[in-house]
Amino acid sequence: MKLQTKYFGEIDYEAGDIVKFPVGPFSFEDEHEFLLLPFEGSAGSLLCFQSIQTPALAFVAMDPFALLPGYTPVLQPNELEALGVTDSQELAFYVLCVVKKPVSDSTVNLKCPVAINPSTRAARQVILESDAYEMRHPLAQFSTEEDAPC
């Protein structure tokens, strides 16, 4: 299948590449299918959630463990059940990035990651109960501007 994307032009994808949100990401609850596309040169730490339904809609996302190796998201039992797992460690996590100029002013949302079951490709954006994470962590807190992946 072909899709015109926001950042990558026209791409080919397979049905098995789709990440499915039974309930879309916050404020985009009607968006249910995305592709998770890595940005070139990012070694997989900077990605894009590209909507299939709305080609102009794409979210910049990051691997939170590349930013903060000690990141420990823990989901609630009902969230784990909805994703078909019994432990948070069975999931892949991504955090959404608000890209600003200069890049050092960009932020990442560690409080509300996107959790994905790698086996089923089911996804859900969650709100972590922990007070250890915020919705607007400055990207500059993790790296210098020239090293910033966003």
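Me: In E9, which residue is the bridge partner of Phe 93?

Reply: In this predicted model, Phe 93 has Ala 115 of E9 as its bridge partner. The pairing of E7 with strand E9 (residues 114–116) is antiparallel and comprises three bridges.

Me: With which other strands does E7 pair, and in what sense?

Reply: Strand E6 (residues 58–62) pairs with E7 in the antiparallel sense, over two bridges. Within that pairing, Ala 61 has Leu 96 of E7 as its bridge partner. Strand E8 (residues 107–108) also runs antiparallel to E7, and two bridges join them. Here Cys 97 stands opposite Val 108 of E8.

Me: Let us turn to a loop. Where is Thr 5 found, and is Thr 5 buried or exposed?

Reply: Thr 5 belongs to the loop between strand E1 (2–4) and strand E2 (10–12). Because the relative accessible area of Thr 5 is 7% and the cut-off for a buried residue is under 20%, Thr 5 counts as buried.

Me: Which backbone atoms does the side chain of Thr 5 approach, and which residues are in contact with Thr 5 beyond its neighbours within four places in sequence?

Reply: A polar atom of the Thr 5 side chain lies 2.9 Å from the backbone nitrogen of Phe 8. The side chain also reaches the backbone oxygen of Gly 9, at 2.7 Å. Leaving aside neighbours within four places in sequence, Ile 11, Leu 37, Gln 50 and Pro 55 are in contact with Thr 5.

Definitions and conventions: Residues are numbered from 1 along each chain as its sequence is written. This is a predicted model: local features need pLDDT of at least 70, side-chain atom pairs count only at pLDDT 80 or more; totals for chains, interfaces and linings use all residues. Side-chain values use heavy atoms; hydrogens and water are left out. Two strands pair if DSSP finds at least two bridges between them. Helices (H or I, at least four residues) and strands (E, at least two) are DSSP runs, numbered from the N terminus. Buried means under 20% relative accessible area, exposed over 50%, partly exposed in between (1.4 Å probe, protein chains only). A polar contact is a pair of N or O atoms within 3.5 Å; within protein, one must be able to donate a hydrogen and the other to accept it, and residues adjacent in sequence count only if both atoms are side-chain atoms. Contact means heavy atoms within 4.5 Å.
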